[in-house]
Amino acid sequence: MNDTPLLQVKNLSTSFPTEQGVVHAVNGISFNLDIGNTLGIVGESGSGKSVTAYSILRILTDPGRITGGEIYFKGENILNYSEKEMYDFRGKKISIIFQDPMTSLNPVYTVGNQITEAILLHTDRNKKEANERALNLLELVGVNDPQKRLKQYPHELSGGMRQRVMIAIALACEPDILIADEPTTALDVTIQAQILELMQELQKKLGMAIIMITHDLGVIAEMCNEIIVMYAGRICERGTADEIFYNPCHSYTKGLLRSLPKFTKDREKLIPISGTPIDLLNMPKGCAFAPRCKDAMQICLSELPKEIPINDFHLASCWMNVKKVYDEVKEGRKNG
Amino acid sequence: MRKFSSDKVPRKKLLSLHIDVDRFLPATSEQKEQQVTMLPSTTFFKDGMRKLFKKPLAVFAIVVLSLMVLTIIIAPRIVPYGYSEIIKVEGKRDRGLKNLPPFTYSEMEQEAIDNGADIFPHIFGTDELGRDYFIRVVYGTRVSLTVGLFASIIVLVIGLLYGSIAGYFGGMVDLIMMRIVDIIYSLPDTLMVILLSVVLDKVIGESLHGTAFASIGTNMISLFVVFALLYWVGMARLVRGQILSIKNNEFVLAARAMGASNWRIIRKHILPNCMSVIIISTALQIPSAIFTESFLSFIGLGVQAPMPSLGSLANFARGGMQSYPYKLLIPAIAICLIVLSFNLLGDGLRDAFDPKLRR
Amino acid sequence: MLKYALKRILLAMVSVFVIMAIAFFSMNAIPGGPFAKEKAPEPAVQAVLEKRFNLDKPVMEQFFLYISNIFQGDFGISLKTGREISTTIFESFSISAKLGGYSILIALIMGLILGSTAALTRNKWPDQLIVFFTTLSVGMPSFVLGTLLLLVFSLILKVVPAWSIENQNYVLPIIALSLYPTAHITRLTKSSLLDVFGQDYIRTARAKGVPRIKVIVKHALRNALIPVITYIGPLTAYSLTGSMVIETIFTIGGLGTKFVTGITNQDYPMIMGTTIFLAILMVIMTLISDLLYRAVDPRISFD
């Protein structure tokens, strides 16, 4: 395996200075993404998942600013790119699809216009060739009657169709990475499954890497080989899907999994996570999840937990794991 | 996937971190709560007022308007001249009293003062008939503010009633009521105001003679009538739209399920929820009414002479504007200040109270 | 779209009818009627009046005859001068149209430029300057501004000559007339653009790698223009009524001046005729701007 990852995010921090104070949306997160892999980012609303995605493409809305860290794409730090270089980067190297297909397409332009726009920007195809490409793309994403769709306006399509169009736009220039920012949240359950299937199929066909952002653990389980769990702009736990689902080592992940219905014989009670998400304006000194954590300890309130390996494919930042090591050692001493 | 790199703290090393075992004791729920800094809870109104008073421009507007209101209340009690009084000096007419510059006395007045008489200064001078200009401007401001306020209240009451009935009952009632609104809305309002003012002046002029209304003049009455006939449609549309959007909320359904009457639902549930929008648009209606009044005064359809309004004062001052530009400037600045203040206040209220602007 | 257009045209026709009815019957409500004998100066004019307004017929018949005359371009004659009102209107309207047309054009162009600038430089100095300018402008009645401009530039500094038939200098009148709508359109454009900038499709465009300038021009401006189009109707109405004041101040012999003179002279047929003429014009402009609005926004035209 080539040693430089396709995408390497190092210590990324993003914040939004507002009238009330600075909102720390993302606080020093790092992760890698390899060619053809699918990385899942889970967390509740406000945990900084989407902001992370926008930071990678540098499309934060005012007053959002990347305040620290590096983002390497194929070994190049894109934070050093000029805005002009970014134009050539966005949509060509990394593209993104958004949560709400209803509002993500420009209402006053036809579908065809919006797909060809990306093609004309990034390739030297002429208008006619771009149109042909757009037609192929619509076929690829499974839109029926593509010839007709090209000339239609977004409001004439259903939600699922629009999301397919969004995917077509994102794939127009065969990007290396596709970021899917809650691509199925606004869709019906049956349509959700279709869209996810389509994305997996396309990944196999085109070989791109996918970053899947969602609060839906079901989606993540189905799609991803590596999972990052985020809370309050920090990574609390990461690992393979199996590790995260069957061996959660952070209280927040455990809480998340407990709040998920299981279709097993024994009727387990669903346990919601109590409390409300943290106020990003006033971040606590210690672990951000501590005020809601039922296992919180003194140290959790005063000190940020460090990320420690559980095994070769699993990292977690929770003081509970440290305590466990201590307890084991103590136990060992007693017995030994 | 690739294995995680070894730059993380390995498990074994944890023991050398020198962590006090006491710190692994569970945290109490009080301690947890302390971590969460709650925003001070405020009511919608308090929060809005706090925001309003944080805006320097809105505060400026409130101060200017308060000063004006104070002036028009106090000044007539202090200044010993009437707005239509042609000033006499010791009972005699004084030709020298016409068109005096600010803070000056005529020769006759000067003589009287030298003889020990106490004559109140002409703060803004006098007009071409020998009337005190300051008191005329004060009364003019009073008329303009009154017009603005009353016109807005008329618009508010009619628009609110009409809009809430149409919006609340919906269906056929709404359809017919809103068609009427559409037609009135499509009429060019200023032209209609002119037309109706011309006519009403003649029609109701006779019948008003001798009543209390005579002093404010037929034009003023017709202005109010016109506002009552035409200008409420904007408010009615606004209220209806608000009600339609609120009506479908679950809390209204819940109230109805509990057997609340229509009137109670409108009063208790719907109106409080669209109050902020209504107040803001009323605040913005006042300057537009003042604009309309001054416009009508300008084309000769405003208040009845000798009653002044800021518009008519400015209009009359155009005649001698090269010789006495201040006579034009004073009422002009007064109008600008009033309109500006109301606009700023309206903007401030919108920023502070409109929930749609809140994030 | 067609259904909407028909509905809208029908509404416009009803409005015109209502306007005519209000004009006619309110004038008839004046004690003695609008054509009362003592107001006509000469017996000759009086005789023509009787014939032209069919005063010998019942009121309802008078009304319908008056309407049908108007549609044939016959607005009756002036009580004061005895001239054909239609002649007066068509003579003087060209001047008002020039003044109003230029003002509308300038207000639209300046408003769009200033509004976009303000939106793009939000909370920086150009925006603050523009906000200052618009706040002041919407607080200044046009007759105050017109008078001040005339006083300062024509009478004191003498840099711009006053308007006359031989020397038709429209600079000051146009400034006076277009300042308020400019400020209004500026505000409208700014708030509309800021609203559009927050929309998801702008983020989509940026994510596609569309350059900033193209995002603004292609994706934002077209959407932001939609509410501005609806303002064209009220803008016309403002310019036409505003020109009454501005023409009077600058002594421009346009339709506005004639109208104001008619009011002063209590020349009722003149007031009636001019009101109806201007009202029809405004209704038509509102109709056009409404239809244009639907045409530009595909979401509505296909409903």
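Reader: What share of the contacts in chain B with a separation of 6 or more comes from residues 24 or more positions apart?
Author: That share is 69% in chain B. Keep in mind that this is a predicted model.

Reader: Thanks. How many helices and strands are there in chain B?
Author: Chain B has twelve helices and two strands. Reading from the N terminus, the order is α-α-α-β-β-α-α-α-α-α-α-α-α-α.

Reader: And how much of chain B counts as buried?
Author: The buried share is 38% of its 359 residues.

Reader: Into which domains is chain B divided?
Author: Domain 1 covers 86–130 and domain 2 covers 137–357. Their C-alpha centres are 40 Å apart.

Reader: I clicked on T126(B). Where is it found?
Author: T126(B) sits in the loop between α4 (107–114) and α5 of chain B.

Reader: Is T126(B) buried or exposed?
Author: T126(B) is buried: 26 other C-beta atoms lie within 10 Å, and the cut-off for buried is 20 or more.

Reader: Which residues does T126(B) touch, leaving out those up to four places away in sequence?
Author: On one side of it in sequence there are I87(B), L97(B), K98(B), N99(B) and L100(B), and on the other R131(B), D132(B) and Y133(B). Another pair worth a look is T126(B) and K327(B): they are 201 residues apart along the chain, with 9.2 Å between their C-alpha atoms.

Reader: Let's change topic. How many residues of chain B are in contact with chain C?
Author: On the chain B side there are 34 residues, and they meet 37 residues of chain C. The helices α6 (171–186), α7 (189–208), α10 (262–298) and α12 (325–353) of chain B each supply at least two residues to that side of chain B.

Reader: What is the make-up of the chain B side that touches chain C?
Author: It divides into 25 nonpolar, six polar and three charged residues.

Reader: Which residues have the most contacts inside the largest nonpolar core?
Author: Those are L195(B), I299(B) and A23(C), in a core of 141 residues. Helix α5 (residues 133–169) of chain B gives the largest share of this core, 15 residues. Apart from it lies another core, of 112 residues, including V9(A), V51(A), V143(A) and L280(A).

Reader: Great, now chain A. What is its secondary structure?
Author: Chain A comes to twelve helices and twelve strands. Its radius of gyration is 22 Å, close to the 20 Å from the globule rule for 336 residues, so chain A is as compact as a globular protein of that length. The C-alpha trace spans about 80 × 50 × 45 Å along its principal axes, and 47% of the residues in chain A are buried.

Reader: In what order do the four strands of the open sheet in chain A come?
Author: The order is β2-β1-β4-β5, with antiparallel pairing. At the edges stand β2 (21–33) and β5 (76–77), each with a single partner strand, so one side of each has no neighbour in the sheet.

Reader: How many bridges join β4 to β5(A)?
Author: Two bridges join β4 (residues 65–73) of chain A to β5(A), and the two strands run antiparallel. For instance, Y72(A) has N77(A) in β5(A) as its bridge partner.

Key: Residues numbered from 1 in each chain as written. Chains lettered and ligands numbered in written order. Predicted model: local features only at pLDDT ≥ 70, side-chain atom pairs only at ≥ 80, totals over all residues. Contact = placed C-beta atoms within 7 Å. Nonpolar A, V, L, I, M, F, W, Y, C, P; charged D, E, K, R; others polar. Domains from an automatic or database assignment. Core = buried A, V, L, I, M, F, W, Y, C linked by C-beta atoms within 7 Å. Buried ≥ 20, exposed ≤ 12 C-beta atoms within 10 Å, placed from the backbone. Pairing = 2+ DSSP bridges. Rg over C-alpha atoms; globule rule 2.2 N^0.38 Å.
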